Amino acid sequence: MEWNISSLKDLEHYFWRCTACGTCRSAYDFGPPPFTRPICPAGTEFGFEGYYSSKGKAAFARGISDGSLTFDDPEFLEAVYKCTVCGGCQNQCQVDYKPHIPEVIEAMRREAVKSGAGPMPAQKNLVQSMKNYNNPYQGPRRVRMDWTRPFKKAKTPIKDINTEPAEVLFYVGCTGAFNKIAQAVPQATARIFQKLGVAFGILGESEVCCGSTAMRVGDAEEFKRVATNNLETFKTLHAEKGVKTIVTSCAGCFRAIKKDYILSSEYNQMMDGIEVLHTVQYLHRLLKEGKLKFEKELPWKVTYHDPCHTGRHLNKFRVDNDGSELWEGAYVSVDESECLYDLPREIIKAIPGVSFVEMDRIRGNSYCCGGGGGVMTGFTDWAGKNAGLRIQEGMETGAEKMVSICPFCYFNLTEGAKRISSNITLHDLTELIDLALPD
Ligand code: SF4
Ligand code: SF4
């Protein structure tokens, strides 16, 4: 299977465009009321004017490409990895052609891995775990099924799709399966599906990591290995078990399948007849069809955190490449039709009793939880500290609950709340849906 993954050289046209103007320092909104707040977690923690923000990263790319910078310097290597690849900078940047900073950062990391220096030591363990166990959490395969124990106990076991056909494959993802706190996400998802009578199954012990983390830290070879395996599995499940829809509750898995897997030359052929949905899309459809009916009241004040991977990672910037609209290279508009901004909010607002409040930084301006891009593994302390900043923003709204649609954000924001002794509790949207449905 051929993969069309850009090299740093392929992106040269973009990283030379960065003018170091610093527009990407802040999220801004004209309001009313207008506001501006920091958007770059790396710049916030390590200094925007240093080498840690987008403009520093663009300068790094130039240095690597002209040979004046190498990964022998551990401080330089660390600076390349001190970025959550959240895409906040990319959204703010107004420069011609958009400098594609997150893609440039990942391409630099691929160079670092190729040179033998990257990724960071803790991230190397993560990738080694993928090679040994097909997951980044150093968990034996049987542990992948631990989250299903309450279903076995309640005598409502979840179908193993390898042995029982089903139209829907619930692709659980490694964080939901292995992380004790995030296990609440697949558990709530499966409970909802059972309550609604959805014909679904899971891959169980044979599920393989989506490869998102490997891709984010620059190990393209490991990404390709697991992604190829998954595409072949999906094709077989479609042909032999009748799978038509893959649903995932994980923002990282969703982004990987939607945006990284399409880099395969065989994506269309392997995925022919299969639709990939985030749980929130699947359930929103059922809500519109009148099949998802809430009964119980949840008397909570709730705010919503947009994960980067279901938000701006899925947008598309329209650039006037031939100069026919404005001028050559002009940034014209952003297409956010694939970003999951409205659906979760519509579901939250449909739950009886919920009072919904927004934070300042939302949708394309969302402030990353701090866990992405390998940061939660590589720089755990910083990830938790950054999550505390996001929780602080949630507290400003007076909300008692912060809701999201990603097990990774769920875990990291929970850590952030603990860290600043906040009373805000974290919930995945599936938990609220499960609680609001009749038993
Ligand atoms: S990435 Fe764009 S907004 Fe940020 S410093 Fe470079 S040119 Fe300016
Ligand atoms: S991707 Fe996010 S953390 Fe990285 S430089 Fe851009 S805004 Fe900062």
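## Ground rules

Helices here are DSSP runs of H or I with at least four residues, and strands are runs of E with at least two, each numbered from the N terminus. Keep in mind that this is a predicted model.

## Helix α18 and what follows

Let's start with helix α18, which covers residues 380–396. After α18 comes Gly-398, with a positive phi near 85°.

Which residues of α18 are buried? They are Trp-382, Ala-383, Gly-384, Asn-386, Ala-387, Arg-390, Ile-391 and Gly-394. Their cover includes α2, β7 (301–304), α17 (375–378), β11 (401–404) and α19 (407–419).

## Around ligand 2

Helix α2 turns up again at ligand 2, where it gives the most to the shell, with 3 residues. In total, 17 residues surround this ligand, and the closest are Cys-40, Cys-83, Cys-86, Gly-88 and Cys-89.

Four helices each put at least two residues into that shell: α2 (41–46), α3 (54–65), α5 (88–92) and α6 (101–115). Sorted by class, the shell has 10 nonpolar, 6 polar and 1 charged residues.

## Around ligand 1

Ligand 1 is surrounded by 16 residues, and Cys-18, Cys-21, Thr-23, Cys-24 and Cys-93 are the closest. Helices α3 and α5 each supply at least two residues here, and both also contribute to the shell around ligand 2. For ligand 1, the largest share comes from α3, with 3 residues. The class count for this shell is 10 nonpolar, 5 polar and 1 charged residues.

## The parallel sheet

Elsewhere, an open sheet of 4 strands runs in the order β4-β3-β5-β6, with parallel pairing. The edge strands are β4 (200–201) and β6 (275–278); each has a single partner strand, so one side of each has no neighbour in the sheet.

Further in, strand β3 (residues 168–171) pairs with strand β5 (residues 245–248) in the parallel sense over 4 bridges.

Which helix lies across β3, β5 and β6? That's α13 (residues 251–260), which runs at about 150° to β6. Helix α15 (residues 279–288) packs on the sheet as well, touching β5 and β6, and its direction makes about 90° with that of β6.

Conventions
Residues numbered from 1 in each chain as written. Chains lettered and ligands numbered in written order. Predicted model: local features only at pLDDT ≥ 70, side-chain atom pairs only at ≥ 80, totals over all residues. Near = placed C-beta within 6 Å. Nonpolar A, V, L, I, M, F, W, Y, C, P; charged D, E, K, R; others polar. Pairing = 2+ DSSP bridges. Contact = placed C-beta atoms within 7 Å. Axes fitted to C-alpha atoms, helices over the stretch in contact; angles between N-to-C directions. Expected span 1.5 Å × (residues − 1). Buried ≥ 20, exposed ≤ 12 C-beta atoms within 10 Å, placed from the backbone.
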